[in-house]
Amino acid sequence: MRGPVIRQTDADYDGVRSLYNGMIDKRPVMIARCTDVADVVTAVNFARQNDLAVAIRGGGHNGPGLGSVDDGLMIDMSMMKGVRVDPTARTVRVGPGCTQGDVDHATHVYGLAVPAGIVSTTGIAGLTLGGGTGYLTRKYGLTIDNLLEADVVLADGRIVTANKSENADLHWGLRGGGGNFGIVTSFLFQAHPVTMVYAGPIFWDLKDARTVMQTYRHFLPRAPEELAVFVGLKTVPPMEPFPAEHQGKRACAIIACYNGATADGQAVMAKLLSELPAPLFNWMGEMSYPALQSMFDPFLPKGLQWYWRGDFVKELTDEAIDAHIAQAHKLPSPLSLMHLYPIDAAVRRVGKSDTAWSTRDATWSMVIAGIDPNPQKAGEITRWTKGYWEAVHPYSANGGYVNFMMDDGDDNRLKATYGDNYDRLVALKAKYDPTNFFRVNQNIRPLHL
């Protein structure tokens, strides 16, 4: 190893092993802090030869804490950063330790962006392997729809490249199948023109939520693909810079991003706002794309308590809206929320069997997240999230986004998520990881295990 190997007796052990989700505490026997691909291969071989369970950490943002493992080896790639932009081909080569913010920073000077998530501290590796949804999804597809190539370290220590012509079956599985097949040490993405955007949040009092959600439901299919717009139920954060008179109010919010001329974005949003009551405040304006991507960062630092559940949603019926609002009245903390992220438009132009992500006919990916800084509230936010999910799940489609799963990632849940692609993923697992070496994840097991 060129990078350090940290043991439980080392002074920096607790700092390095700490996870984004403060609710989860794991104690790996060692942490291999890789600096390059050779280090990753060394760590994989060591774990295999010594029968150690392994967990893979990229950007370190995994909600259920799957970037670590008790009594095993954490293979930590968070130091393997680096972004190289080819402005002519509009491609971006990204290291596995990069966050979304790292990628946005590097691409923005070229007037480009890679479709990804909505929080800049998110690790690009985990986000991508699970699918990747965000502000550019309606126009340019999921993050996996823009993954051209990946370099992968397999369970036996081999290094392979996966793209449409080389190990094409592995390339297929990496696009939504999570970390089941190997460790991706390099991603090659297609980028798209993005510079300044017209974007930001608009908040209404919760009493207007039914009207807002109904209007949004009818507006979305008619909205241009340049507009990403998601709806959420939450609380006006009780802190600056939010208006003092509205802080702490339960609210319905629309967060939008128009990738185009500000005047065009204003015209599109004016159509939506003309059908709605006056908001508590409207903070949409012109900003750089990286500024939008980092907008939520101050409210979501590392170490908060998190519990989340997700579902795919095809229709937002009046009955579903009423169920959502009833649960929003029970919000257990100012940071807890429900978001409906649109996964329509460009997402639907990819076939259900073209990538491991098969849910190409949904309209939204829903997340319900109980969040609080206080460890003593972990039980309360967990119960609220589970109760909310149980209340609205009857109105949902089969399965959910694997990046929004916690302890619900059992075989039946994954089968529902991957649908007709599940058996193909099981066969792919048997080919590339027959011993289930990579199992600290939303695990797809080989048939014989």
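Which strands each supply at least two residues of the lining of the largest cavity? Select strand 13 (227-235) and strand 18 (337-342): each of them does. Strands here are DSSP runs of E, at least two residues long, and helices are runs of H or I, at least four residues long, all numbered from the N terminus.

Before going on, note that this is a predicted model, in which local features need pLDDT of at least 70, side-chain atom pairs count only at pLDDT 80 or more, and totals for chains, interfaces and linings use all residues. Residues are numbered from 1 along each chain as its sequence is written, and side-chain values use heavy atoms, with hydrogens and water left out.

**Stop 1: the cavities**

Stay with the largest cavity. Show I118, T133, G134, Y135, A228, V229, F230, Y341 and P342, which line it. Strand 13 gives the most to this lining, with 3 residues. The space inside is about 60 Å³. A cavity is a set of points on a 1 Å grid over the protein atoms alone where a 1.4 Å probe fits but cannot get out, and lining residues have an atom within 4 Å of a point. Grid points are joined across faces, edges and corners, and a volume is the space filled by probe spheres set on the points.

Colour the lining of the largest cavity by class: 7 nonpolar, 2 polar and no charged residues. Ala, Val, Leu, Ile, Met, Phe, Trp, Tyr, Cys and Pro count as nonpolar, Asp, Glu, Lys and Arg as charged, and the others, Gly among them, as polar.

Next, the second largest cavity, with about 50 Å³ of space. Select its lining: G130, G176, F312, A356, W357, S358, T359, G400, Y401, V402, T417 and Y418. That lining has 6 nonpolar, 6 polar and no charged residues. The count of cavities of 30 Å³ or more comes to 3.

**Stop 2**

Move to the second largest pocket, about 240 Å³ in volume. Pick G59, G60, H61, S78 and K302, the closest to its centre of the 18 residues that line it. A pocket is an open set of points with protein on both sides within 12 Å along at least five of seven lines. Its lining has 5 nonpolar, 9 polar and 4 charged residues.

**Stop 3: helix 10 and its partners**

Select helix 7 (residues 209-219) and helix 10 (residues 318-328). They pack at an angle of about 140 degrees, with their axes 10 Å apart. Axes are lines fitted to C-alpha atoms, for helices over the stretch in contact, and angles run from 0 to 180 degrees between N-to-C directions. The two helices are therefore oblique to each other. Angles under 35 degrees count as roughly parallel, over 145 as roughly antiparallel, 65 to 115 as roughly perpendicular and the rest as oblique. Show A209, R210, M213, Q214 and R217 of helix 7 against D318, I321, D322, H324 and I325 of helix 10, which make the contact. Contact means heavy atoms within 4.5 Å. This contact has 4 nonpolar, 2 polar and 4 charged residues.

The contact joins A323, H324, Q327 and A328 of helix 10 to W384, G387, Y388, A391 and V392 of helix 11. By class it has 6 nonpolar, 3 polar and no charged residues.

**Stop 4: two backbone details**

Most residues other than glycine have a negative phi, and most peptide bonds are trans. Zoom to E240 and P241: a cis peptide bond joins them, with omega about 10 degrees. P241 is in the loop between strand 13 and strand 14 (250-258). Finish at D51, whose phi is near 55 degrees, a positive value in a residue other than glycine. D51 is in the loop between helix 2 (37-49) and strand 3 (54-57).
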